[in-house]
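Here is a short briefing to read alongside the structure. Take a look at the model below, then follow the notes topic by topic.

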Amino acid sequence: MDVTVIGATGRIGKRVARMLAERGHDVRGVNRRPDRAAVVLAGSGVRTCTADTGDEASLAPALAGADTAVLTTAPTREDPSAYLTQTASVLRAVRHAGVTRLVAVSSYVALRAPDGRTVLEAEPAHPYFRPIEEVYPAQAAMFRAETGLDWLLVAPAAELYPYGEVTRGYRVARDVLVVTDPASPNFKETSVLSMEDLAAFITDEVEHPARHRQLVTLAY
Amino acid sequence: MLIAVLGARGNLGRLVVAQALGRGLDVRAISPHMDSGDPRVTAIAAADRDHDALTGAFTGADAVVVVFPAPLGRPQDYPGQLQRVLDAVRDAGAPRVIALIGSAGALTAHGERLVETDYFAETTRHFYRSVEAAWDVYRRATDLDWVAFVPAARMQLHLAERGAYRTRTDEHLVTTDDTTRRYFDVSQISYGDCARAMLDEIERPRHSQVFVSLGW
């Protein structure tokens with residue numbers, strides 16, 4: 001397959017791009033800084049492309065001819081709301097390029113807690129993080145309003161850690177955070193996933209699309 | 001013995017104060033909005049950037065405990081705030097500084113600073129880089145008798161005090177298993193044990209001008 005990973009030097013994007021390349025796919029990895037891409041994706045077989053998610057035209061060559069796009073970028077502290085503008089730009093660029101499927105990374109803060117409230121209601125974000133966290137429910141709303149694309153939003157567990165193993169031992173659910181102890185006041189800490197398993201799930205959904213037009217989450 | 005605690009209302013500071021009183025120490029608790037009903041605690045509301053107020057609060061103390069947090073909203077201000085605190089310690093003539101500093105600057109078993117690992121997203125690395133920069137404020141304080149404790153990668157309020165801890169003085173995190181990279185699983189300490197380690201160091205000085213990593 002021909003896959004474009006947008007945000008390919010981030011913690012999640014580089015894992016997805018490397019995993020897809022290892023499975024023999026033709027992978028284009030998109031990020032803003034070529035110097036960083038050269039280091040992070042060296043020897044991976046991923047073709048690097050420089051583009052800015054806020055600049056729709058710059059994304060066009062990276063997306064041309066791709067079967068599926070994966071979006072793994074995240075909002076920044078400095079300007080969280082820019083992420084929504086960038087997401088809109090990515091959605092347009094994907095549509096214009098004729099790419100039919102888009103798998104994008106969301107966050108557990110876009111989900112509901114085990115008690116049915118939204119995660120942000122159940123545990124309000126610290127004021128420092130609130131502008132970043134409030135972006136994710138808005139991102140989900142943008143995808144839900146998207147009619148042309150076969151999209152999938154993937155919200156990892158609340159506790160996402162690096163350097164794990166691919167086990168595929170996670171549970172997948174829609175819209176509600178997966179936890180091992182829903183009654184715990186620290187329920188978020190019982191929602192755990194490795195970045196390796198997150199990348200494996202995304203890679204599986206690229207290769208064999210099983211879920212469409214929904215927000216899913218996974219945790220052990 | 002009189003200790004001055006800067007950041008006395010924080011999660012760690014209040015435990016340091018409580019444990020110090022339990023050990024029979026006198027405490028001067030300092031916080032921007034200090035309000036203590038305990039007659040054994042002298043509460044002083046000294047803003048971090050008020051040099052004269054800080055110097056006054058530190059004067060006469062046998063040790064100054066520095067446990068105020070990096071400001072979430074303006075983390076880039078943290079090294080400068082810490083520098084002003086150490087300047088006040090120097091001007092007050094306080095003989096010792098016992099501090100806590102975030103583990104972002106600590107080394108992992110693979111020799112990289114924790115802040116550079118994938119535990120941190122780019123969105124939060126900005127904050128932790130400021131914590132790492134604050135390590136240099138201590139490194140430069142070669143004329144002060146300071147000890148900066150570096151907590152384990154995971155220090156959480158719900159972890160119970162065990163009455164025990166291990167230390168390292170080579171800037172590496174204390175972990176239970178050096179071969180794994182899942183530091184938040186293998187490098188843990190409770191707030192209570194962290195406060196205990198700081199008070200042990202105050203009562204029985206063992207270190208000087210060194211980062212002392214703490215973990216179970």
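Predicted model: local features only at pLDDT ≥ 70, side-chain atom pairs only at ≥ 80, totals over all residues.

Residues are numbered from 1 along each chain as its sequence is written, with chains lettered from A and ligands numbered from 1 in the order in which they are written.

**Contact between chains**
- Chain A brings 15 residues to the contact and chain B brings 13 residues (two residues are in contact if their C-beta atoms, placed from the backbone, lie within 7 Å).
- On the chain A side there are eight nonpolar, five polar and two charged residues (Ala, Val, Leu, Ile, Met, Phe, Trp, Tyr, Cys and Pro count as nonpolar, Asp, Glu, Lys and Arg as charged, and the others, Gly among them, as polar).

**Sheet of chain A**
- The order β3-β2-β1-β4-β5-β6-β10-β8 describes an open, mixed sheet of eight strands in chain A (strands are DSSP runs of E, at least two residues, numbered from the N terminus; two strands pair if DSSP finds at least two bridges between them).
- Its edge strands are β3 (47-50) and β8 (171-174) of chain A.
- Strands β1 (residues 2-6) and β2 (residues 26-31) of chain A run parallel, joined by five bridges; A:Asp2 is partnered with A:Asp26.

**Sheet of chain B**
- Chain B has an open sheet of eight strands with mixed pairing.
- β3 (41-44) and β8 (166-168) of chain B each have a single partner strand, so one side of each lacks a neighbour in the sheet.
- Three bridges link the parallel strands β4 (residues 63-66) and β5 (residues 97-100) of chain B, and B:Val66 has B:Ala99 as its bridge partner.

How values were computed: Helix = DSSP H or I, 4+ residues; strand = E, 2+ residues; numbered from the N terminus.
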